[in-house]
Amino acid sequence: MTQPQESWLLGVVLLLATATTTHQANPSCHPVKEGMLNVHLVCHTHDDVGWLKTVDQYFYGAHNSIQRAGVQYILDSVVDALLKNPDRKFIYVESAFFFRWWDEQTPERKDVVKSLVRSGQLEFIGGGWCMNDEATAHYNAIIDQMTLGLVKLNETFGEAARPTVAWQIDPFGHSREQASIFAQMGFDGLFFGRLDHDDKNHRWDTHTMEMMWQGSQNLGDAAWLFTGVLPRGYSPPVGFCFDILCSDEPIMDDPRLHDYNVDKKVESFLKIAKAQSDGYATSHIIMTMGMDFQYQNANTWFVNLDKLIRYVNKRQSSGSQVNVLYSTPSCYLSALHDANQTWTSKTDDFFPYASGNHSYWTGYFTSRPTLKGYVRQTNGILQAVKQVASLLGMGHSEGLETLKEAMGVLQHHDAVSGTEKQHVADDYSERLAIGTKAALGVMGQALSKLQPVEALQKEKEKDGGTIHFCPLLNISSCPITESSSAFIMTVYNPIARPISHYVRLPVPSDTAYKVTDYKGNAVKAQLVPIPNPVLSIPGRHSTAAYELVFQATDIPPLGFLRYHIKRTSSYRILRQQISKTHSHVLGGDDPIELSGDENLAISVDPKTGLLKMVGAVRRGPIQMIPVSQNFLVYPGMAGNNTKEQYRASGAYIFRPNATEAQEIAKKVNVVTVEGPLVYEVHQEWGPWVSQVIRSYMGHLNLEMEWLVGPIPIRDKIGLEVVSRVDWSSITTGNTFYTDSNGREMLKRVKDYRPTWRLHNLEPVAGNYYPVNSRLILDNGTDFRAAILTDRSQGGTSLNPGQMELMVHRRLFYDDAFGVGEPLNETQFGEGLVARGKHYLLHSSFASPECDFGCLHRTLGEELLLPPLYAFEETSALAHTWTNTAVNKWGGLGMNLPSNVHLLTLEPWGDNLLLLRLEHMFEKGESDTHSSPVTVSLKVRQGWLVFHAFISALPPTGTFGRLGYHWCGGNDSLSKPPEEGRAPTQVEGEDNQHSTGQSQ
């Protein structure tokens with residue numbers, strides 16, 4: 001039978017078919033010398049795909065008053081310099097820049113570059129479209145951006161260009177899932193530059209800067225990856241930066257010169273090499289010779305490095321034991337492999353990253369929350385469009401490629417991270433908007449293609465048939481649903497199983513609607529008032545005052561249902577649909593309670609207006625669980641950054657000027673909304689914080705839609721806003737769990753790191769972790785709870801039973817880590833307003849058919865891939881429309897099992913599709929869903945039916961990855977201060993081989 005991890009591996013094999021060879025991409029490594037300290041010089045440039053300047057500005061070298069950087073000149077200059085000396089080597093990483101440059105080259109120049117790649121002088125490392133962030137990027141998007149770059153490299157250069165080493169030198173912390181993905185892609189190793197300063201000191205002292213990283217607790221050695229920490233981030237040694245942007249002295253080797261400095265330079269270099277070797281375990285060390293946007297004049301580097309190599313190695317004749325050579329990460333890794341060293345292992349991750357005692361890089365987990373939300377939303381659109389283009393045989397299209405490239409750029413570690421300048425963030429958003437519009441054009445063509453020609457012609461004759469999409473549904477605005485007297489709505493399901501989904505459409509007040517399904521049946525609907533804070537969002541220009549809610553039931557997998565929606569003047573229907581609302585006066589003793597059939601009962605504290613209890617409505621008494629939720633703020637630390645203790649809170653750094661979050665309001669205003677489909681509690685903490693708590697009929701999760709902003713600026717310091725859920729009656733110790741890039745769960749323990757002793761002077765920021773999709777509490781007996789997100793955020797559990805997620809931040813001081821401006825986002829002349837959703841689950845909501853693991857994994861999949869809406873105006877009557885149009889369509893001939901996730905389906909050349917499947921559940925995560933599963937695939941008459949067997953899988957060894965010796969235990973220093981039992985899906989810091997796999 002197909003093991004869960006094998007399902008995932010199949011997708012990776014398809015992702016990189018060229019990863020099944022047994023030789024390295026660069027066979028031309030210079031020889032090393034036994035018995036000597038071999039110093040591997042790696043010439044590189046780090047080219048951010050946007051940061052202080054936009055992607056375009058960086059490529060062309062525009063706006064040099066901001067930063068002197070022009071990528072086109074780097075590549076021009078490097079190619080010329082490599083041709084002058086065949087010993088020279090250079091690595092390049094960012095495919096987004098390379099292929100823009102490549103498209104401008106002549107055929108003759110391209111042939112020259114191909115020869116440099118074949119010879120190993122020019123080597124591609126990493127190979128993704130960008131160097132993606134590891135905290136705030138979802139694994140689905142990471143795989144897509146890697147695919148985009150690697151495929152272009154393969155198509156252009158073939159096997160000679162296949163990267164074998166990952167190069168994550170600048171991301172601000174490193175995730176275990178990222179290592180797992182690289183390992184499964186067939187990479188031999190990973191090198192990075194940033195880790196916690198105390199962790200680095202410990203590793204340096206214990207010679208464990210290089211290790212075997214066990215990237216998954218479920219996949220065994222298929223996810224193990226050799227990992228090395230670079231000695232100086234990714235900078236050259238002090239005194240040896242030979243770039244035109246640097247001020248270090250060149251090597252002046254004419255003895256007639258008064259400034260002759262060869263001996264001085266050589267002695268300095270030998271001293272640095274000896275000192276660096278003290279932190280590493282073998283006779284090989286690596287030095288990164290380059291920095292941000294360097295090599296615009298590559299000659300200044302290579303001329304001096306030629307001299308450095310010559311004069312240092314010349315000392316060998318006088319007894320020196322140092323050998324210097326041009327190298328690459330793959331050559332260095334090969335030398336480490338041949339050293340036959342035994343390496344320590346690591347099973348956790350490298351979060352959070354602190355560069356100093358007061359500089360925890362945990363603020364960017366939340367920075368620019370609307371951009372993070374936009375990226376996640378766009379990922380769902382991209383997957384849906386790729387699926388439909390595949391199923392309908394539409395092949396590659398310019399519209400689809402535009403969005404793929406935009407999403408590839410947005411995974412960059414200064415893009416989705418929120419650590420770019422404001423004008424760059426605006427450019428990123430524009431790229432997403434342009435790409436989304438282009439891709440939705442493809443979706444529109446696909447949906448039209450599925451309709452009979454006669455039906456399309458009739459609609460066009462009546463000025464209908466044009467497909468519209470509504471990008472402003474996040475502020476409850478959609479022109480076609482607000483203005484049209486009748487329209488058709490298409491609800492596309494990008495999940496490979498049928499789903500039922502509650503639709504919410506902005507509509508005017510005092511208007512009822514008839515909703516008709518594909519069978520001609522009337523669909524029950526409810527009109528829910530849009531909360532006043534939403535109506536008042538700056539820049540919202542909408543006539544909608546209500547949302548029309550109805551349930552789209554059993555939407556086919558990778559298919560759609562269509563609904564005919566028409567206004568009616570019937571007062572009877574309006575009375576049936578309009579919600580009952582009640583504004584509550586707080587201060588009494590009677591609880592505010594809402595309850596229906598087969599949903600969650602909600603109880604609100606009558607004195608504070610805050611959530612008090614929830615419980616699943618089933619036959620018999622309702623088990624109400626005490627739980628509260630509140631919004632609080634941390635005041636941001638002001639500082640001039642001249643010393644570590646004066647560090648300010650900024651785009652990167654979270655440093656609150658308090659150890660306890662502060663209340664926004666003692667009590668909140670409450671309005672309750674009741675109807676046949678959904679109950680709501682509208683809460684207002686004041687003019688800039690509000691929330692809607694929702695319980696839909698038939699759904700056993702609590703939806704909490706928050707609206708935060710404009711954050712007030714009266715203190716001129718700034719605020720960091722958090723949502724805190726407190727299961728006050730439950731003891732969970734200091735242990736909680738967060739996801740890794742939306743996939744496997746990792747155990748976290750407050751004030752503890754598994755591999756080194758933590759001295760935490762920032763008790764809040766030092767316990768924040770990236771939450772890409774969920775945070776879980778588990779007391780090991782009868783309690784589990786999860787809070788799921790719709791975007792990446794920072795989160796923690798500072799006290800037993802607490803869940804805390806940061807939702808928004810507005811700050812007025814820069815933290816002095818390069819971006820050069822405070823995180824003060826504004827729109828329409830006011831502070832930025834952010835709107836998003838959290839979803840609350842409790843183990844008591846589970847059932848024998850769907851236990852707690854099933855609840856959170858299934859919901860997580862639905863949040864990652866929400867249905868896509870499309871709209872058309874129509875003049876056709878409902879019964880005519882029912883009989884003439886295709887209103888139900890499914891792209892699959894069967895449903896995937898409930899524990900298998902369709903990760904990717906996209907066009908892949910002529911008559912080919914790229915398919916990735918994965919098991920969604922980890923080992924032991926679910927009693928009913930963690931078991932191995934067999935799925936079969938078959939293509940019949942051009943349609944994907946899933947019937948042919950996929951369990952036959954090439955073994956991991958066919959990747960030709962290097963093997964290593966590693967010691968059996970994790971290099972743990974101590975047990976956590978308070979032992980907390982892990983939930984069954986994340987048991988253990990041991991080295992056991994697991995058989996499950998997460999989403």
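Is C850 buried or exposed, and what is the relative accessible area of C850? C850 is buried, with a relative accessible area of 18%, where buried means under 20% relative accessible area, exposed means over 50% and partly exposed lies in between (1.4 Å probe, protein chains only). The model is predicted, so that local features need pLDDT of at least 70 and side-chain atom pairs count only at pLDDT 80 or more, while totals for chains, interfaces and linings use all residues. Residues are numbered from 1 along each chain as its sequence is written, and side-chain values use heavy atoms, with hydrogens and water left out.

A disulfide is a covalent bond between the sulfur atoms of two cysteines, and is assigned here to a pair of cysteine sulfur atoms within 2.5 Å; by this rule there are four disulfides. The sulfur atoms of C850 and C854 are 2.0 Å apart, and their link is left-handed, with -95° about the S-S bond; C854 is buried at a relative accessible area of 5%. Another disulfide joins C241 to C246, with 1.9 Å from S to S, and here C241 is buried at 7% relative accessibility, whereas C246 is partly exposed at 25%. In the disulfide of C470 and C478, both cysteines are buried.

Ten strands form an open antiparallel sheet in the order β20-β27-β28-β29-β30-β41-β36-β35-β32-β33, where strands are DSSP runs of E with at least two residues, numbered from the N terminus, and two strands pair if DSSP finds at least two bridges between them. The edge strands, each pairing on one side only, are β20 (580–584) and β33 (745–749).

How values were computed:
Helix = DSSP H or I, 4+ residues; strand = E, 2+ residues; numbered from the N terminus.
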